[in-house]
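Biologist: I am new to this structure and would like a close look at a single part of it. Please take the sheet, together with the aromatic rings and the helix that go with it.

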Amino acid sequence: MNRQELMEILPHRHHMLLVDEAHMEDEAAVGQYTVRGDEFFLQGHFPGNPVVPGVILCEMMGQCSCVLMAQQLAGATPYFSGMDKVRFRRKVVPGDTIVFTTRLVNSKGAFYFISGTGSVGDQVCVSADLSFAVVANPAG
(Lines give C-alpha, C1' and ligand atoms only; values in the text may rest on other atoms or scores of the structure.)
Protein backbone atom coordinates (compact mmCIF):
# COMPACT_ATOMS: atom_id res chain seq x y z
CA MET A 1 0.00 0.00 0.00
CA ASN A 2 1.25 3.46 -0.83
CA ARG A 3 0.31 6.59 1.16
CA GLN A 4 -2.91 7.10 -0.81
CA GLU A 5 -4.02 3.50 -0.20
CA LEU A 6 -3.09 3.79 3.48
CA MET A 7 -5.36 6.85 3.77
CA GLU A 8 -8.26 4.60 2.73
CA ILE A 9 -7.89 2.58 5.96
CA LEU A 10 -6.27 5.12 8.30
CA PRO A 11 -7.93 8.31 9.52
CA HIS A 12 -4.55 10.11 9.64
CA ARG A 13 -3.65 12.88 7.22
CA HIS A 14 -0.71 15.21 6.58
CA HIS A 15 1.37 15.84 9.26
CA MET A 16 0.24 12.75 11.18
CA LEU A 17 0.32 10.08 8.44
CA LEU A 18 3.64 8.53 9.45
CA VAL A 19 3.93 5.50 7.16
CA ASP A 20 5.24 5.85 3.59
CA GLU A 21 4.22 2.37 2.47
CA ALA A 22 3.11 -0.95 3.95
CA HIS A 23 2.21 -4.46 2.85
CA MET A 24 1.38 -7.90 4.22
CA GLU A 25 4.17 -10.48 4.28
CA ASP A 26 3.69 -13.94 5.80
CA GLU A 27 0.91 -12.86 8.21
CA ALA A 28 2.90 -9.77 9.25
CA ALA A 29 2.42 -6.14 8.33
CA VAL A 30 5.65 -4.57 7.09
CA GLY A 31 5.79 -0.82 6.72
CA GLN A 32 8.39 1.87 6.45
CA TYR A 33 8.99 5.55 6.93
CA THR A 34 11.98 7.61 5.84
CA VAL A 35 12.77 10.50 8.17
CA ARG A 36 13.25 13.56 5.98
CA GLY A 37 14.36 16.00 8.65
CA ASP A 38 11.61 18.61 8.17
CA GLU A 39 8.96 16.81 10.26
CA PHE A 40 7.11 18.88 12.88
CA PHE A 41 8.24 16.60 15.71
CA LEU A 42 11.93 17.27 14.99
CA GLN A 43 11.65 21.06 15.26
CA GLY A 44 12.04 21.02 19.02
CA HIS A 45 13.39 17.50 19.62
CA PHE A 46 16.24 18.49 19.75
CA PRO A 47 17.47 21.72 18.09
CA GLY A 48 20.81 20.98 16.45
CA ASN A 49 20.48 17.27 17.30
CA PRO A 50 17.21 16.02 15.78
CA VAL A 51 15.99 12.66 17.15
CA VAL A 52 12.60 11.07 16.44
CA PRO A 53 10.68 11.01 19.76
CA GLY A 54 9.85 7.57 21.15
CA VAL A 55 6.14 8.33 21.20
CA ILE A 56 6.31 9.07 17.45
CA LEU A 57 8.06 5.73 16.85
CA CYS A 58 5.17 4.05 18.69
CA GLU A 59 2.66 5.97 16.55
CA MET A 60 4.46 4.88 13.37
CA MET A 61 4.37 1.26 14.53
CA GLY A 62 0.70 1.61 15.41
CA GLN A 63 -0.13 2.98 11.98
CA CYS A 64 1.74 0.12 10.34
CA SER A 65 -0.25 -2.29 12.53
CA CYS A 66 -3.49 -1.04 11.04
CA VAL A 67 -2.69 -2.96 7.85
CA LEU A 68 -3.36 -6.09 9.93
CA MET A 69 -6.86 -4.80 10.74
CA ALA A 70 -7.69 -3.27 7.36
CA GLN A 71 -10.97 -5.16 6.91
CA GLN A 72 -12.17 -4.28 10.40
CA LEU A 73 -11.39 -0.58 9.89
CA ALA A 74 -14.07 0.03 7.24
CA GLY A 75 -16.30 2.58 8.95
CA ALA A 76 -14.28 2.42 12.17
CA THR A 77 -11.32 4.07 13.88
CA PRO A 78 -8.49 2.27 15.71
CA TYR A 79 -7.63 3.81 19.08
CA PHE A 80 -4.59 2.84 21.12
CA SER A 81 -5.76 1.08 24.27
CA GLY A 82 -2.33 0.12 25.55
CA MET A 83 1.40 -0.03 25.01
CA ASP A 84 3.38 -2.62 26.94
CA LYS A 85 7.01 -3.73 27.00
CA VAL A 86 8.07 -0.66 25.01
CA ARG A 87 11.84 -0.55 24.53
CA PHE A 88 14.02 1.94 22.65
CA ARG A 89 17.39 0.59 21.60
CA ARG A 90 18.76 3.03 19.00
CA LYS A 91 17.97 6.62 18.14
CA VAL A 92 16.31 7.38 14.80
CA VAL A 93 17.56 10.49 12.99
CA PRO A 94 17.00 12.30 9.66
CA GLY A 95 18.01 10.14 6.72
CA ASP A 96 17.09 6.90 8.48
CA THR A 97 14.50 4.58 6.97
CA ILE A 98 12.79 2.67 9.74
CA VAL A 99 11.10 -0.61 8.81
CA PHE A 100 8.33 -1.89 11.08
CA THR A 101 7.20 -5.49 11.32
CA THR A 102 4.02 -6.15 13.29
CA ARG A 103 2.05 -9.31 13.96
CA LEU A 104 -1.42 -9.93 15.30
CA VAL A 105 -1.05 -11.87 18.55
CA ASN A 106 -4.71 -12.05 19.60
CA SER A 107 -8.08 -10.39 19.22
CA LYS A 108 -11.12 -10.33 21.44
CA GLY A 109 -14.21 -8.53 20.24
CA ALA A 110 -13.21 -4.99 19.28
CA PHE A 111 -9.72 -5.33 20.82
CA TYR A 112 -6.61 -6.27 18.86
CA PHE A 113 -3.25 -7.21 20.40
CA ILE A 114 -0.14 -6.72 18.30
CA SER A 115 3.59 -7.26 18.77
CA GLY A 116 6.06 -5.27 16.71
CA THR A 117 9.55 -4.02 16.08
CA GLY A 118 11.07 -1.15 14.16
CA SER A 119 14.57 -1.41 12.69
CA VAL A 120 17.03 0.73 10.80
CA GLY A 121 19.13 -1.64 8.76
CA ASP A 122 19.82 -4.63 10.98
CA GLN A 123 19.52 -2.66 14.24
CA VAL A 124 16.28 -2.81 16.22
CA CYS A 125 15.29 0.70 17.33
CA VAL A 126 11.97 0.06 19.05
CA SER A 127 9.89 -2.90 20.12
CA ALA A 128 6.49 -3.01 21.79
CA ASP A 129 3.28 -4.88 22.44
CA LEU A 130 0.37 -2.70 21.34
CA SER A 131 -3.37 -2.98 21.81
CA PHE A 132 -6.15 -1.22 19.96
CA ALA A 133 -9.87 -0.78 20.32
CA VAL A 134 -11.61 -0.58 16.95
CA VAL A 135 -14.59 1.73 17.40
CA ALA A 136 -17.35 2.29 14.85
CA ASN A 137 -17.42 5.84 13.51
CA PRO A 138 -20.47 7.88 14.50
CA ALA A 139 -23.15 8.07 11.81
CA GLY A 140 -23.15 11.38 10.13
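**The sheet and its surroundings**

Modeller: Phe-132 is buried, at a relative accessible area of 3%; buried means under 20%, exposed over 50%, and partly exposed lies in between (1.4 Å probe, protein chains only). The model is predicted, so local features need pLDDT of at least 70 and side-chain atom pairs count only at pLDDT 80 or more, while totals for chains, interfaces and linings use all residues. Residues are numbered from 1 along each chain as its sequence is written, and side-chain values use heavy atoms, with hydrogens and water left out.

The ring of Phe-132 forms a stacked aromatic pair with Phe-80, 4.9 Å centre to centre and with 20° between the planes. Rings of Phe, Tyr and Trp (its six-membered ring) pair if their centres lie within 6.5 Å; planes under 30 degrees apart count as stacked, over 60 as edge-to-face, and the rest as tilted. Phe-80 lies in strand E3 and Phe-132 in strand E6 (residues 123-136), so this pair links distant parts of the chain, 52 residues apart. Helices (H or I, at least four residues) and strands (E, at least two) are DSSP runs, numbered from the N terminus. Phe-80 is partly exposed, at 31% relative accessibility.

The count comes to two aromatic pairs. Phe-40 and Phe-41 are edge-to-face, because their ring centres are 5.2 Å apart and their planes stand at 80°. Phe-40 is partly exposed, with a relative accessible area of 37%, whereas Phe-41 is buried at 7%.

Now the sheet itself. Six strands form an open sheet with antiparallel pairing, in the order E1-E2-E4-E5-E6-E3; two strands pair if DSSP finds at least two bridges between them. Strand E1 (21-25) and strand E3 (76-88) are at the edges with a single partner strand each, so one side of each has no neighbour in the sheet. From one strand to the next, the twist averages 25°. Strand E2 (residues 28-34) pairs with strand E4 (residues 97-108) in the antiparallel sense over seven bridges, and Val-30 stands opposite Thr-101 in E4.

In H2 (residues 54-65), 10 of the 12 residues are buried, among them Ile-56, Leu-57 and Met-60. The cover over the buried residues of H2 includes E2, E3, E4, strand E5 (111-120) and E6, where contact means heavy atoms within 4.5 Å.

Technical notes: Axes fitted to C-alpha atoms, helices over the stretch in contact; angles between N-to-C directions.
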